[in-house]
Amino acid sequence: MAETDAQLMKRALEVATLGEPSPNPHVGALVVAGGQIVGEGHHAEAGQGHAETEALRAAGERSRGGTLYVTLEPCNHHGRTAPCVDAIIEAGIERVVIGCRDPNPDVEGGGVERLRAAGIEVDIGVEEQAAKELIAPWARYITEKIAYLSIKLGVSLDGRTASRSGISQWITCESARTRVHALRAQHDAVLVGISTVLSDDPQLTVRDVEGANPIRCVVDSKLRIPLDSHLVATAKEVSTCVLTTNEASEAAEEALVKLGVSVIRVASTPQGRCDVTAVLRALAAREVVSVLCEGGAELTGSLFAARLPNEAHLFIAPVLLGPRGRPAAVDWAGPDGLSDAPRIAPPTWELCGTDAYLHGPVLYPKKKAAAER
């Protein structure tokens, strides 16, 4: 039974990756009867049917007496749709196998308890780690009210991001760039600093792969972004926002808004820069669940200094640019010692074309108490 449950939950996890449900989580479900999968479902889009109800609909009358496999605890509250537990009970399901509990602190009443009260057998924690990893961005968003942050870096073997003359296109290979486009499609927003816009004039859209364009976000404390930059010029076609401070020019904001750019003002640091934690909270308040930061060095450094990145994607090209090349991709003071350094753990190494691709969750050491220091 345990082995069968694990195999079927793995299939539900595969189904869960379909669709674009943000700001809701990815969820997958299967209905099994007579040892066969008779219905599959996933949450395709916010406001549409949840995975459980889609699987039950596909199974029809075959649901009665069957088993439902679902990656996340079924909801027991009214949101944009009716509670899934009602549909499960009405369908006559006899057993429900769940990947992980719902971490949403704002949800009153557990789906598990409601199902058990209705006489349905419930098993929790099958492929639990994989189920939690699937909803990790949404779990941070819903529990901490802050966007989940991924960092993308492209560097030479000696950690440089451009040659000494400032040339940076292209350090990484075509396969790596295609992978970056896929990463963009997997996130709600892509984030860069104003220096990247001024030096590269990027598009920040999804190309070469299927997927929707993320919201393009620029951290620009003084609203220096040029009105003729690619991001501003195409703002009415692709959603674009600039995050700035309360001190930035109102006239500059008005000019950007007229061209279709959303301007969000956030708290500033003592140095007059945008507070990066406030940036991610402001985006989360607008239902941005996940953000991919693509630079520049100062912004990325500020994010690491604030211990904000949740995962990292590093593309390392087999080229040497020398000590006079542009400084490394992360500009910050850094840790005092190796024991204080954030690291990718566990790391996954892949060959991506001619580049090495390193990715994984970012692990931070515990902060030392004052007495220990």
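## A strand pair

Val-32 has Thr-67 of strand 3 as its bridge partner. Strands here are DSSP runs of E with at least two residues, helices are runs of H or I with at least four, and both are numbered from the N terminus. Strand 1 and strand 3 (residues 67-72) run antiparallel and are joined by four bridges. Two strands count as paired if DSSP finds at least two bridges between them.

This is a predicted model: local features need pLDDT of at least 70, side-chain atom pairs count only at pLDDT 80 or more, and totals for chains, interfaces and linings use all residues. Residues are numbered from 1 along each chain as its sequence is written, and side-chain values use heavy atoms, with hydrogens and water left out.

Five strands form an open, mixed sheet in the order 2-1-3-4-5. Strand 2 (36-42) and strand 5 stand at the edges. Each has a single partner strand, so one side of each lacks a neighbour in the sheet. On average, neighbouring strands are turned by 15° against each other, direction ignored.

Helix 1 lies across strand 1, strand 2, strand 3 and strand 4 (95-100). Helix 1 runs at about 55° to strand 3. Such angles run from 0 to 180 degrees between N-to-C directions; axes are lines fitted to C-alpha atoms, for helices over the stretch in contact.

## Nonpolar cores

The largest nonpolar core has 41 residues. A nonpolar core is a set of buried Ala, Val, Leu, Ile, Met, Phe, Trp, Tyr and Cys residues joined through side-chain atoms within 4.5 Å. Buried means under 20% relative accessible area, exposed over 50%, and partly exposed in between (1.4 Å probe, protein chains only). Val-31, Ile-88, Ile-93 and Val-96 have the most contacts inside this core. Helix 1 gives the most to this core, with six residues.

A second, separate core has 35 residues, including Ala-147, Val-219, Ile-344 and Tyr-364.

Most residues other than glycine have a negative phi, and most peptide bonds are trans. A cis peptide bond joins Ser-22 and Pro-23, with omega about 15°. Pro-23 sits in the loop between helix 1 (2-16) and strand 1 (28-33). Another cis bond joins Gly-295 and Gly-296, with omega about 5°.

Glu-127 has a positive phi, near 55°. Its relative accessibility is 27%, so Glu-127 counts as partly exposed. Asp-201 also has a positive phi, near 45°. Asp-201 is partly exposed, at 38%, and lies in the loop between helix 8 (194-200) and strand 8 (215-219).

Terms used. Contact means heavy atoms within 4.5 Å.
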